[in-house]
Amino acid sequence: NHDVSLTVNNKKINAVTNSQGKALFKLDLAVGSYNALIEFDGDYYYLKSNATKMITVKSTIYLPTATKYTLNAKYNVKLLDGQGNPLKSKKVDVTIDSKLLTLTTDGDGNLCYNVNLSVGSHQISIKNPVTGEVKTQTIQVTVRIAINYDLTTYYGAGSYYKVRVYD
C-alpha cells in the first residue's frame, strides 16, 4: 500500500493504494473539464512518478435546445444517473417561476411538462434526485396565433388575410 495524491483545481487529495495498486479519490466537481495531476513520491522499491490527465464531468440533465413554446407545447428533459444510465420512474423536483412541482420520469429517463403558462418569460429549474445537479433554463411562451390584423374588404376586391400560427 502506497501514498498517492491527486491535484484538481489547485486542491490536493491524498489516498492510499489497495493490494491491487488502485486508489479511490472522492471528487466533488461541477460539470466541465479539469486537468488532474496524479503523483507518487516513490519509496524504497519504486521510483517517483507523476501523470497529468483530463477529467471530464458530464451533465446528468439534458434540457431542450428550444426556448420558445406555445400553450400546451411539450417541454422534454432527459435525466441520467451518475453512470450515464436513464433515470427510470423517478420523482423529480421541477420549479417553474418559484412554484414547485413533482413530476415522474418515464422508463427512458424522460420528463415531460405540458407548458400551461401565460405568455411571457418563465424560469424552469430541474433537480436530479440522484446526483443533486440543478439546471435552470428561461423559456418564452408566445401566443399561438400572431399577425392577425383586422381586415376590411369590399365585395370583389380580392383581398387576402395572413395569419401566422406557431406550434
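**Notebook: sheet and aromatic pairs**

I began with β3, which covers residues 32-40 and pairs with β4 in the antiparallel sense over nine bridges. I am working from a predicted model.

I then looked up a residue at the start of this pairing. What does G32 stand opposite in β4? I found V57 there.

Next I traced the sheet as a whole. Which order do the strands take? I read β2-β1-β3-β4, four strands in an open sheet. The pairing is antiparallel. I noted the edge strands next: β2 spans 11-16 and β4 spans 49-57, and each pairs on one side only. I also looked up the twist, which averages 25 degrees from one strand to the next.

I turned to the rings. How many aromatic pairs does the structure hold? I found two.

My entry for Y44 and Y45 reads edge-to-face. Their centres are 5.1 Å apart, and the planes make an angle of 90 degrees. Because planes over 60 degrees apart count as edge-to-face, I kept that label for Y44 and Y45. Are Y44 and Y45 buried or exposed? I logged Y44 as exposed, and Y45 as exposed too.

My other entry is Y69 with Y75, again an edge-to-face pair. I wrote down 5.6 Å centre to centre and 65 degrees between the planes. Are Y69 and Y75 buried or exposed? Both are buried.

How values were computed. Residues are numbered from 1 along each chain as its sequence is written. This is a predicted model: local features need pLDDT of at least 70, side-chain atom pairs count only at pLDDT 80 or more; totals for chains, interfaces and linings use all residues. Side-chain values use heavy atoms; hydrogens and water are left out. Two strands pair if DSSP finds at least two bridges between them. Helices (H or I, at least four residues) and strands (E, at least two) are DSSP runs, numbered from the N terminus. Axes are lines fitted to C-alpha atoms, for helices over the stretch in contact, and angles run from 0 to 180 degrees between N-to-C directions. Rings of Phe, Tyr and Trp (its six-membered ring) pair if their centres lie within 6.5 Å; planes under 30 degrees apart count as stacked, over 60 as edge-to-face and the rest as tilted. Buried means under 20% relative accessible area, exposed over 50%, partly exposed in between (1.4 Å probe, protein chains only).
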